[in-house]
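Student: I would like to go through this protein chain with you, one question at a time. Can we start once the structure is on the screen?

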Amino acid sequence: MSDVKRMTPKVVAALALTMVAAAACGGGSVGGGAHAGAGGQTTAGAAGAGGATTGDAGATGGASAPGGAGAAGSTGGGGVAGTAGGGAGTGGSVPVSGGCSQAPTPAAGATVIDVRAPATLASALATAKAGDRIVLHAGTYAKETISNRKFASFVFVEAAAGDLVTMAGATFTSSDHLSFRDIQFTATVMLDGSSNFAFHGVTLDGGATEEAALQIHGQSSAGASHDVLVEDSTIKGGGRTIFILGKFAPSDTWNHHLTFARDDITCGSHNCFQISGGRDIAIDGNRINGTTTAGVLTAGATRVAITRNRMKGMAGKSPCAAQIASPGMEWDNYAGVENMISSAIQIANNVVDGWGSAVQLDAARDVAIVHNTVADGTGVRFNHRVPHDQAGNVILNGNSDIRIWNDILPSISLASGEAPPAFEAYNVIWKGGGGGANDVTTAPTFAGTDYGLAAGSAGVDAALVNSETPLVDFENRTRGPKPDIGAHELGAPAPAACP
């Protein structure tokens with residue numbers, strides 16, 4: 001376990017509140033500070049980025065060959081690892097969710113265990129066997145703390161057909177192979193050193209608290225949580241709505257193989273996602289609803305794919321849709337902070353509007369930004385930060401190996417001291433800051449209500465295809481041989497139907 005100072009919940013809550021004003025991303029901003037874990041377990045949270053105020057948009061450098069991590073390998077249901085990917089840590093690749101359900105389903109004729117409040121889920125799990133269905137009937141169920149429930153294959157926990165089932169949160173420690181369907185959780189669900197969990201069609205609601213709606217925890221003696229799928233669900237409220245917290249240690253100890261697909265996520269008082277110790281993560285095909293805080297914050301993450309999301313902010317209030325940062329002793333003064341680098345991040349095929357910036361880079365390494373459509377605000381903002389470890393050693397000097405191509409961006413902002421992108425080309429950038437090969441400075445013409453390009457617009461049939469370029473668009477449709485710049489492919493055929 002990392003050498004993280006432990007604080008009482010009262011002290012942690014006070015510190016978190018003092019950091020709220022600085023939590024939003026933007027020029028010279030910092031992120032969240034310490035955070036009390038769910039279920040009474042206090043956990044030290046990773047702070048987001050801060051540092052120098054960005055300068056005016058400056059011209060970026062010319063094109064060079066893109067490098068960095070290659071394409072992610074494919075995965076099976078629930079985020080099972082595929083081919084090894086690039087970057088630090090042990091094997092595995094970013095889970096690839098596509099557009100169809102990956103949630104496990106019970107076999108025909110599975111044994112059914114009926115539960116009615118005030119009976120508990122824990123009592124049903126005590127008698128369940130792998131493959132069983134636990135059917136919760138209408139009612140409100142108390143918060144549960146469940147430990148060491150392990151099964152060889154999934155046990156299915158579901159609401160009875162047509163019944164409203166609510167549960168006042170749950171903590172699962174050292175448990176595995178549980179699948180939840182159609183249940184409304186009204187307080188934090190915490191996975192602590194647990195694995196092979198699936199949530200389909202559930203509601204996870206953190207309410208008006210500083211706790212997460214879903215916390216995936218890996219700092220305790222139970223170890224990392226991994227192989228978690230959350231799909232077709234509603235997630236909202238809390239502080240960090242989804243909080244992925246791992247050890248301040250090398251990435252092979254982090255929480256891993258986590259998939260969030262086709263969810264409707266509304267940001268809490270800190271952000272929608274905070275990843276502080278997570279790897280091999282797919283955030284794909286979700287609707288991310290901004291409030292007054294950041295959308296996705298990485299503050300110690302590797303091999304993360306942020307793809308095909310509709311990121312809708314509140315104009316004038318939502319600071320940035322994605323903030324890719326590496327903390328240091330300046331904001332997370334814990335032993336091992338030098339391990340918390342954000343690297344090997346793919347941001348692709350997202351449609352973004354209503355945010356101050358679509359992507360903010362605060363000391364990040366190896367980031368591919370490709371085929372996104374940003375309708376307003378700043379497209380990509382480079383902040384210049386130099387985080388240090390506890391001994392005063394430099395962790396990163398600004399951002400490096402940033403690749404930007406095939407994007408529709410109003411502008412690029414490059415702070416003083418920042419190097420231009422390692423690769424920039426084939427973008428539509430009409431309000432300044434671009435300078436890459438084959439960039440187009442004519443404003444795009446949009447058609448419809450979701451910023452697809454109109455026929456004849458700048459960017460049609462003008463994109464670059466290389467080894468990192470996605471082959472599908474925002475709607476999971478196959479792109480043509482002369483693909484369009486931006487998230488949507490004009491005239492692409494409908495994707496194959498799900499089985």
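Tutor: One definition first: a residue counts as buried under 20% relative accessible area, as exposed over 50%, and as partly exposed in between. Keep in mind that this is a predicted model.

Student: Is Glu231 buried or exposed?
Tutor: The cut-off for buried is under 20% relative accessible area. Glu231 has a relative accessible area of 0%, so Glu231 is buried.

Student: Which side chain does Glu231 meet in a salt bridge, and which parts of the chain does the pair tie together?
Tutor: Side chains of opposite charge can pair when their charged atoms come close. Here the N to O distance is 3.1 Å, and the partner of Glu231 is Arg262. Glu231 belongs to strand β16 (residues 226-231) and Arg262 to the loop between β19 (255-261) and β20 (264-266), so the pair ties together parts that are 31 residues apart in sequence.

Student: How many salt bridges does the structure hold?
Tutor: A pair counts when a side-chain nitrogen of Lys or Arg is within 4 Å of a carboxyl oxygen of Asp or Glu. By that criterion, the number of salt bridges in the structure is 15.

Student: In the salt bridge of Asp401 and Arg403, which residue is buried?
Tutor: The two side chains meet at 3.1 Å, N to O. Asp401 has a relative accessible area of 26% and is therefore partly exposed. At 1% relative accessibility, the buried residue is Arg403.

Student: What is the distance between the closest N and O atoms of Glu489 and Arg479, and how many residues apart are the parts they tie together?
Tutor: The closest N and O atoms in this salt bridge are 3.0 Å apart. Both residues lie in the segment after β40 (452-453), so the parts tied together are separated in sequence by 10 residues.

Student: Turning to the strands, what is the order of the open sheet of 11 strands?
Tutor: The chain has 2 helices and 40 strands. In the open sheet, 11 strands are paired in the parallel sense. Their order is β6-β9-β12-β15-β18-β21-β24-β27-β30-β33-β36.

Student: Why is one side of β6 and of β36 left without a neighbour in the sheet?
Tutor: Neighbouring strands of this sheet are turned by 10° against each other on average, direction ignored. β6 (144-147) and β36 (412-414) stand at the edges of the sheet. One side of each lacks a neighbour because each has a single partner strand.

Student: How many residues of strand β24 are buried?
Tutor: Strand β24 covers residues 294-299 and is mostly covered. The count of buried residues is 6 of 6.

Student: What is the bridge partner of Val296 in β27?
Tutor: β24 runs parallel to β21 (residues 271-276), joined by 4 bridges, and Gln274 has Leu297 as its bridge partner in β24. Another 4 bridges join β24 to β27 (residues 318-325), also in parallel. In β27, the bridge partner of Val296 is Ala322.

Student: Over how many bridges do β30 and β33 pair?
Tutor: Strand β30 spans residues 355-362 and strand β33 spans residues 378-383. One of the bridges links Leu361 to its partner Phe382 in β33. The strands pair in the parallel sense, and the number of bridges is 5.

Student: How many residues apart are Cys100 and Cys498?
Tutor: A disulfide joins these two cysteines, S to S 2.1 Å. Cys100 lies in the loop between β2 (42-43) and β3 (112-115), and Cys498 in the segment after β40, so to speak distant parts of the chain. Cys100 is partly exposed at 25% relative accessible area, and Cys498 is partly exposed at 43%. The separation of the pair is 398 residues.

Student: Are Cys267 and Cys272 buried or exposed?
Tutor: The two form a disulfide with their sulfur atoms 2.0 Å apart. With -100° about the S-S bond, the link is left-handed. Cys267 and Cys272 are both buried.

How values were computed: Residues numbered from 1 in each chain as written. Predicted model: local features only at pLDDT ≥ 70, side-chain atom pairs only at ≥ 80, totals over all residues. Heavy atoms only, no water. Pairing = 2+ DSSP bridges. Axes fitted to C-alpha atoms, helices over the stretch in contact; angles between N-to-C directions. Buried < 20%, exposed > 50% of the residue type's maximum accessible area, 1.4 Å probe, protein only. Disulfide = S-S within 2.5 Å.
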